[in-house]
Amino acid sequence: MDLTQTLEIASCTDPGMVRSHNEDSVAADAANGLVVLADGMGGYNAGEVASGMATTVIVTEMQQVLASARPYDVDPRTSQEIAARLLREQVLKANTSIYQAAQSQPQYAGMGTTLVVCLFYDNRVLVAHLGDSRLYVLRDGKFKQVTRDHSLLQEQIDSGLITLEQAKNAQHKNLVTRALGIDPSVEPEMHEYRTKPGDIYLLCSDGLCDMVDDDDIGMALQALGGNLKLCAQQLVQMANDNGGRDNVSVILVRVLREYPAARGVMAKVFAWLK
Amino acid sequence: MAKLILSMDGLVLKEIPLTKERTTIGRKPHNDIQIDNLAVSGEHAVIVTILNDSFLEDLGSTNGTVVNGNPIKKHFLQNNDVVELGKYKLKFVGESAATVGAEKADFEKTMVLRPAAMKAAAEQAKAMTGSSPPQAAAGAVRATASQQAVASATAAGIADKDPRPVPAPAARPAQPLGAIQLLSGANAGKELELSKPLTTLGKPGVGVAVLTRRPQGYFITHVEGANRPAVNGQQIGAAPHALKDHDVIELAGVKMEFFLKA
């Protein structure tokens, strides 16, 4: 099912005001309902390499598997939909590619990347994430964070060691506890949510949410939701106006209409047989 | 002390400590760092060192100054930056790196904490407290988990200590507050203060514009609708348009005046 008419996607990525390199990477495939954002880390250009590999591998591999399968197909062995398994497999492939490159080439040693991926299908969105790149949603005028960072800071907040207020001034905002390409295997956190026409999804790197308050981000989405491209540029500009100490990347996805899965006769028969 | 390592084709030629406030680089002999190469201008660049910070500035050289592959006019030197002047390379080794031998911390840079490393560090810490007097051990136990986590991260060589505190988020510079006053329409005379970073104006479907408050001042941008707003009778393009005091905006048939409050 081609989602180009269902999803409006805009993205913007910028090195920020301080850094000379942009280690963030964004990619989108509207037809397959896939958007990927990665924030790389590692010396010299290794961060760019890691995030670039993550987005390319995930997008191209997903395109390949989705050419012959649909996310809502049911796996006869597990009698579950294959979407989560497909996405997880491609994330693991990206992990292996980055890890092997880091192992074999000394200049890439230790590189890795955070990741947030959304796969839209059948009136739903499947989200996989690693590290501190985030997904937010604006629905019915309410702006909410969807993912929870895999970071030392988030763990401290969860365990009640520090308050949200203290977290804003914390010194170790940048320490992530899970990332792609660091270890031979990784477990992405995955969740599925129902979407609603009119929803606006925001994927962003920490360069945005560290520099701009969530309230201001929500306000920009509400005010400029009518023009996603401008909204993406505005968000990057707000981060830069506030100092722009890190690379800033955003992807915005608006759900224009319902997109229920067009299940064929065979699938229905199959479901009935079960 | 920060220093520069001069090399050509990977061959280290010399090390130059940055002892002076101004260290000049150029082809002429009066420069602090003389590089006798025709690709280098007579007075090519200067490095200004203030306390622990060094800034590189190109002095209008013919062939320009390149740092890490990017041509620059002015650049805040960071540890391991490579300055290229023709065939010559100058590597900057920062203060903390030169003395401690560790890479200079960069708190904004995302780094990963590996559970294995954390565990090893935690065990190491436990072993240390085990051999210390009971009082000290009790004290160590009372140390918050956050401190432990940070300490273990440091021990694992992941987080780098930098004595400088994290700079506070850049405060918005004092900037006069702007407002608009409606000049026509049903609400003529009404005033609207522009205190928020974004204010939307207009009617959805007809013409919507947004007024953004930035450190440089106020800007108006067209968002949607067939009718673009006009400023002082001139329709604006797709790019944000800077607003001046007493500009008259016309949007969806309504005129309004933008002004700055004293």
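Me: How many residues of strand β3 (residues 34–41) of chain A are buried?
Reply: Eight of the eight are buried, so β3(A) is largely enclosed by the rest of the structure. A residue is buried if 20 or more other C-beta atoms, placed from the backbone, lie within 10 Å of its own. Strands are DSSP runs of E with at least two residues, and helices are runs of H or I with at least four, numbered from the N terminus.

Me: Before going on, what kind of model is this, and how are things numbered?
Reply: This is a predicted model, in which local features need pLDDT of at least 70 and side-chain atom pairs count only at pLDDT 80 or more, while totals for chains, interfaces and linings use all residues. Residues are numbered from 1 along each chain as its sequence is written, and chains are lettered from A and ligands numbered from 1 in the order in which they are written.

Me: Which residues lie on each side of β3(A)?
Reply: Leu34(A), Val36(A), Ala38(A) and Gly40(A) are on one side, and Val35(A), Leu37(A), Asp39(A) and Met41(A) are on the other. Both faces are covered.

Me: What joins β3(A) to strand β2 (residues 24–29) of chain A?
Reply: Six bridges join the two strands, which run antiparallel; strands pair if DSSP finds at least two bridges between them. Ser25(A) has Ala38(A) as its bridge partner. The two strands form a hairpin with four residues between them, and Gly33(A) in the turn has a positive phi of about 65°.

Me: And how many bridges link β3(A) with strand β6 (residues 112–121) of chain A?
Reply: Eight bridges, again in the antiparallel sense. Leu37(A) is partnered there by Val116(A).

Me: Changing topic to helices: at what angle do α1 (residues 46–68) and α2 (residues 83–104) of chain A cross?
Reply: Their axes cross at roughly 140° and come within 9 Å. Axes are lines fitted to C-alpha atoms over the stretch in contact, with angles from 0 to 180 degrees between N-to-C directions.

Me: What about chain B: what is the strand order in the open sheet of five strands?
Reply: The order is β4-β3-β5-β6-β9 (chain B), with mixed pairing. The edge strands are β4 (33–34) and β9 (74–76) of chain B, each pairing on one side only.

Notes. A residue is buried if 20 or more other C-beta atoms lie within 10 Å of its own, exposed if 12 or fewer, and partly exposed in between; C-beta atoms are placed from the backbone.
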